[in-house]
Amino acid sequence: PFVYRDGQKDLVTSVYRTILRKKKLFIQAPTGVGKTIATIFPSVKAMGENLGDKLFYLTAKTIAGTVAHETFRTLRQCGLDFKSVGITAKEKLCVCDETNCNPVHCERAKGHYDRVNNAIYDVITNESDITREVVEEYALKHNVCPFEFCLDISNWVDGIVCDYNYAFDPSASLKRYFSEGGSGKYIFLVDEAHNLVDRAREMYSASLSKDKVLEVKRIMKTRDKKITAALERVNKVLLGYKRQCEDMPYYLMDTTADLEIQLMRLRSYMEKYMEHHKEFENRDIVLDFYFDMLTYMETVERLDESYRIYGRVMENGEFKVHLMCINPSNNLKMCMEKAVSTVFFSATLLPVNYYKELLSGNKDDYAMYVDSPFKQENRLIFAATDVTSKYNRRNRNEYEKIANYIHKVVSSKIGNYMIFFPSYSLLKAVYEVVIERKDFEDMIVVCQQSSMTEKDREEFLSQFETVGDKSLAAFCVMGGIFSEGIDLTNDKLIGTVVVGTGLPQVCVEREIIATYFKEMGMNGFDYAYKYPGMNKVLQAAGRVIRTHEDTGIIALLDERFASREYAALFPREWNDLSYITSREADKKIDEFIERIYG
């Protein structure tokens, strides 16, 4: 429906050809190219030519789904006859204070199946753009469960907008489409695909807690002797594992076969008991453990060379056995076999072979790089070589250096700025320095909090809607809620400072990932730390230039950015990045401000 932007026609053509050839495609395309319309349009065209019969637009965050719905609306305004539905999590749609689908507790559940067919007919004959609000409106009108109603609507539409879970997570996938042996002419569009690596690892991993075993044993002690005895046998096995962890951060195991035998017996006893005892005190705790046990046993069936099994005493003293999926590509591949074609796209899919390795497992899959359509002269990008966020060099002197750079950028022109840190601890350390300094008194400095409600987030972002008489410096965390998926266009954001290389904190899981890839003959540090860290950096830096009218500064603060190994991970459009020291920063920034803003 639009005139093609630079690079967009090649993108549209590549997506169409990928679907035609029943292949997979990885797209690295900067913000502003129009990835959503450029992937949906050729997919819809392919469906019109009978190359697919249902489109799944898969997202990591709700906001991405909103953009997809808006794109479908744009196409409908140009004559497209296409029905779409957005699937929202049950917990968000449920009208009850507590999610309980028993007809005794929920008025909507009582008689739901007597009314739902009329509700479906009503909505699909009157609506094409079936968003969450539309689902809730018709569910109220017909007094049906909005979540089950939403799933049933999906049978009658052309496009489904939903979370990754509904296609890839074995515990949440839509069985009506992705059950064993089932497949269809589905097209998968995976938005912000860089998020799928860690999400998939979580989906295909499982753990069992010794503390929960003991908690359930206490609840069942006076209720069922067989279950109590079975729980004790499970606990005994876990206790043996725990003893192996003494004086060790974790204990790698080849198998948990002895645990699995005991869990099979326990499962049999618990199923019979739960079936005959629908109500008893603390049943929810017992049920949660039962589902944890099922997930563990189902994950055991998927174990292969891409997994590691380990026991670990957590920081709170709790002991857990983990089945950790390190490379989820085999599991994802089985899900993608249900579709005719899958397209992964993001503004940050570098290096692309890293994502191919972990998402599809096939380095021969198609890939394309779309150049940025924005004028480089509209932004200044530099890396400071005389400052670092390295953990072993963190001290007051280094915090002062970081604060100096922040002041240079934020004081250059009154406006809104975001400052991204690799952790809350470094954010707080620099913030404490900043609030003591008088040269920051003419600025408004605010901080992202570790636990923010939806309302808190909205209030935080609302501060960027206008430009006041003082500069706003918002301290945020890389990889957090404000580092991706938000659009602060034009003068809402004119600069971002990225402190550090975004490396994840050293932890047991990251070390296991590093060791795994090292054993596979790859650079374990890159796979566990550097690539995920640089993705956070690129996402944070990408907040500044969102449209052709946007201007601003991107400052990278860490000497490591000057190394060849990090420079190799920069996108093409950063070929004008300059390396400077504090003495050169003022001149560089002033020249840019004068040239752009006069």
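A charge sits over a ring if NZ of Lys or CZ of Arg is within 6 Å of the ring centre and within 35 degrees of the ring normal. By that rule, K45 lies over the face of Y16, at 5.9 Å from the ring centre, and the charged end of K413 sits over the ring of Y597, 4.6 Å from its centre.

A word on the source: this is a predicted model, where local features need pLDDT of at least 70, side-chain atom pairs count only at pLDDT 80 or more, and totals for chains, interfaces and linings use all residues. Residues are numbered from 1 along each chain as its sequence is written, and side-chain values use heavy atoms, with hydrogens and water left out.

Now for the rings. The structure holds 30 aromatic pairs (Phe, Tyr and Trp rings, the last by its six-membered ring, with centres within 6.5 Å; planes under 30 degrees apart are stacked, over 60 edge-to-face, the rest tilted).

F26 lies in strand β1 and F344 in strand β11, so their pair ties together parts 318 residues apart in sequence. (Strands are DSSP E runs of at least two residues, helices H or I runs of at least four, numbered from the N terminus.) F26 counts as buried at 1% relative accessibility, and F344 does at 0%; buried means under 20% relative accessible area, with a 1.4 Å probe and protein chains only.

F168 and F188 are both buried too.

Key
Buried < 20%, exposed > 50% of the residue type's maximum accessible area, 1.4 Å probe, protein only.
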